[in-house]
Amino acid sequence: MEFLRTRRTYRRFAQRPVAPEILTEAVDAARIASCGNNRQTLKYMIVQSPEAVNAVQPLVHWAASLPPEQGCPKPGEQPVAFIAVLQDERLPGCSDTDVGLAMGSLTATAWGHGVGSCLMGSIDRPALTKLLALPEGVTLRYMVALGYPSHQSRLVPARNGDTKYYLDDARDYCVPKRPLEEVLLKTL
């Protein structure tokens with residue numbers, strides 16, 4: 001549980017490369033994640049060269065719950081890699097559940113190496129599709145930003161039902177969570 005409590009979303013990163021082997025292992029973990037009917041419709045693309053990462057950066061949008069000056073990484077805090085999560089629509093049985101399971105495995109594996117991540121759904125899909133030169137029938141679902149965190153991210157109790165995350169005075173992320181008693185309706 002401690003591993004899961006600390007595997008939070010991170011949005012500011014040390015400018016230290018992530019070893020290619022760690023990125024490949026994260027993709028491999030996503031590859032072997034459970035999926036409906038074992039259809040395996042997901043594909044991935046690792047973006048790790050500084051030039052490619054810099055090209056992706058303006059096409060992703062950060063921390064919708066925070067003002068841009070607080071939620072968007074500044075120069076020197078940006079991710080050092082991205083992994084594109086792709087759906088091969090030429091294969092039958094595409095599923096949002098499969099995407100979620102794969103991204104959970106990917107980000108947990110990265111965190112096992114101390115590499116933080118941010119799942120990014122607010123992205124410029126047409127521009128990224130062109131930049132990544134995706135083949136016909138393969139669609140971009142998410143970008144996952146990766147790097148060694150340069151801030152803390154911790155769970156805090158939700159107050160008065162407010163689950164909006166915020167920054168504390170040290171610019172660390174506070175992520176309110178509802179109590180277990182509120183989300184576990186009953187045990188039969």
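Mentor: What follows starts at one side chain and then moves to other sites.

This is a predicted model, so local features need pLDDT of at least 70 and side-chain atom pairs count only at pLDDT 80 or more, while totals for chains, interfaces and linings use all residues. Residues are numbered from 1 along each chain as its sequence is written, and side-chain values use heavy atoms, with hydrogens and water left out.

Start with Glu77. Glu77 sits in the loop between helix H4 (68-71) and strand E2 (81-88). Helices (H or I, at least four residues) and strands (E, at least two) are DSSP runs, numbered from the N terminus. Glu77 counts as buried because its relative accessibility is 13%. The cut-offs are these: buried is under 20% relative accessible area, exposed is over 50%, and partly exposed is in between, with a 1.4 Å probe and protein chains only.

Now its surroundings. Glu77 and Ala14 are 63 residues apart in sequence. In space, their C-alpha atoms are 6.0 Å apart. Leave aside the neighbours within four places in sequence, and Glu77 is in contact with Arg11, Arg12, Phe13, Gln15 and Arg171. Contact here means heavy atoms within 4.5 Å.

Glu77 forms a salt bridge with Arg12, with the closest N and O atoms 3.8 Å apart. Arg12 lies in the loop between H1 and H2 and Glu77 in the loop between H4 and E2, so this pair ties together parts that are 65 residues apart in sequence. A salt bridge is a side-chain nitrogen of Lys or Arg within 4 Å of a carboxyl oxygen of Asp or Glu. Arg12 is buried too, because its relative accessibility is 4%.

Next, other salt bridges. The whole structure holds eight of them. One joins Arg31 to Asp28, with the closest N and O atoms 2.5 Å apart. Both residues lie in helix H2, three residues apart, which is about one turn of the helix. Asp28 counts as partly exposed because its relative accessibility is 36%. Another joins Asp88 to Arg90, at 2.8 Å between the closest N and O atoms. Here the two partners differ in cover. Asp88 is buried at 4% relative accessibility, whereas Arg90 is exposed at 52%.

Rings of Phe, Tyr and Trp (its six-membered ring) pair if their centres lie within 6.5 Å; planes under 30 degrees apart are stacked, over 60 edge-to-face, and the rest tilted. Tyr10 and Trp111 are stacked, because their ring centres are 5.1 Å apart and their planes meet at 20°. Tyr165 and Tyr173 make a tilted pair, 6.3 Å centre to centre with 45° between the planes. Tyr165 is buried at 19% relative accessibility, and Tyr173 is buried at 1%.

One arginine meets a ring. Arg16 lies over the face of Tyr148, 3.6 Å from the ring centre. The rule for a charge over a ring asks for NZ of Lys or CZ of Arg within 6 Å of the ring centre and within 35 degrees of the ring normal.

Last, some backbone and loop sites. Gln40 has a phi near 55°, a positive value in a residue other than glycine. Gln40 is in the loop between H2 and strand E1 (42-47) and is partly exposed at 41% relative accessibility. Ala133 also has a positive phi, near 50°. Its place is the loop between H6 and strand E4 (138-147). Ala133 is exposed, with a relative accessible area of 59%. Gly121 is in the loop between strand E3 (116-120) and helix H6 (125-132). Its C-alpha is 7.2 Å from that of Arg141, and the two are 20 residues apart in sequence. Gly121 is partly exposed at 32% relative accessibility.
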